[in-house]
Amino acid sequence: MDKVRPGLNDLLQHIDAIIASEGFPTELTGYDEPGRALEAIAREFQTPLVCITLGDQGSLARCAGREYRTPAFSVDCVDSTGAGDAFRGGFTAGCLRAPTGNVADVLTYANAVAALNCRALGARGGAPTPDEVEQLLMVRPQV
């Protein structure tokens, strides 16, 4: 989700995981503080997970009344085009990898996919393989 458009509220009532760009929650709710905006979206639409991508700051999510801040991975960034889409794809892949639903692990995986996608020009030029994502995950210190 990137922009508030007519009919969006009806759509959001049917989504289980909202992943939006940084400015979207404020535009939708009027709250400047991202955590407060996510909380309002989760409450209003009864959405189990609401997340915003924050570029080189990682992501911020709200799930089951808890806030998750997931730091970005440091890579040699050539082009960030498509990083948000890569995050969404990584989120989906992370959900399939972790059927137990560990939200922190899924968000970390999504951040790794987004970071690796920034290694080359274009929206898909740096799209990583699952092995590349796993290698990046192994070198990150556990927090």
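**A close look around one loop**

Tutor: Glycine 55 counts as exposed because its relative accessibility is 57%. The cut-offs are these: buried is under 20% relative accessible area, exposed is over 50%, and partly exposed is in between (1.4 Å probe, protein chains only). Keep in mind that this is a predicted model, in which local features need pLDDT of at least 70, side-chain atom pairs count only at pLDDT 80 or more, and totals for chains, interfaces and linings use all residues. Residues are numbered from 1 along each chain as its sequence is written, and side-chain values use heavy atoms, with hydrogens and water left out.

Where does glycine 55 sit? Its place is the loop between β2 and β3. Helices (H or I, at least four residues) and strands (E, at least two) are DSSP runs, numbered from the N terminus. Now look across to valine 113. It is 58 residues from glycine 55 in sequence, yet the two C-alpha atoms are 12 Å apart.

A pocket is an open set of points on a 1 Å grid over the protein atoms alone, where a 1.4 Å probe fits and protein lies on both sides within 12 Å along at least five of seven lines; lining residues have an atom within 4 Å of a point. The second largest pocket is lined by 17 residues. Nearest its centre lie Gly55, Asp56, Ser80, Ala83 and Cys118. Which elements give two or more residues to that lining? They are α4 and α5.

Contact means heavy atoms within 4.5 Å. Alanine 72 is found in the loop between β4 (66–70) and α4 (83–97). It is partly exposed because its relative accessibility is 23%. Proline 48 gives another point of reference. It is 24 residues from alanine 72 in sequence, and 23 Å separates their C-alpha atoms.

Asparagine 111 belongs to helix α5 (residues 103–117). Is asparagine 111 buried or exposed? It is buried, since its relative accessible area is 5%. What does asparagine 111 touch, beyond neighbours within four places in sequence? The list is Gly58, Ser59, Thr70, Pro71, Ala72, Phe73 and Phe87.

Cys118, from the pocket lining, brings us to the cysteines. A disulfide is a pair of cysteine sulfur atoms within 2.5 Å. How many disulfides does the whole structure hold? The search finds zero. Cysteine 77 is in no disulfide, and its nearest cysteine sulfur, that of cysteine 118, is 4.3 Å away. Cysteine 95 is in no disulfide either; here the nearest cysteine sulfur belongs to cysteine 63, 9.6 Å away. Cysteine 95 counts as partly exposed because its relative accessible area is 34%.

Arginine 62 counts as buried because its relative accessibility is 17%. Not counting residues up to four places away in sequence, it touches Gly35, Leu38, Glu39, Pro48, Leu49, Val50 and Glu67. Threonine 47 is 15 residues from arginine 62 along the chain, with 9.5 Å between the C-alpha atoms.

Threonine 47 lies in the loop between α3 and β2. It is buried, with a relative accessible area of 5%. Leaving aside neighbours within four places in sequence, its contacts are Leu12, Ile15, Asp16, Ala17, Ile18, Ile41 and Ala42.

Glutamine 46 sits in the loop between α3 (34–45) and β2 (49–53). Threonine 47 is buried, whereas glutamine 46 is exposed, at 70% relative accessibility. What is phi of glutamine 46 near? It is near 50 degrees, a positive value in a residue other than glycine. Alanine 64 also has phi near 50 degrees, again positive without being glycine. Its place is the loop between β3 (59–63) and β4. Alanine 64 counts as exposed because its relative accessibility is 78%.
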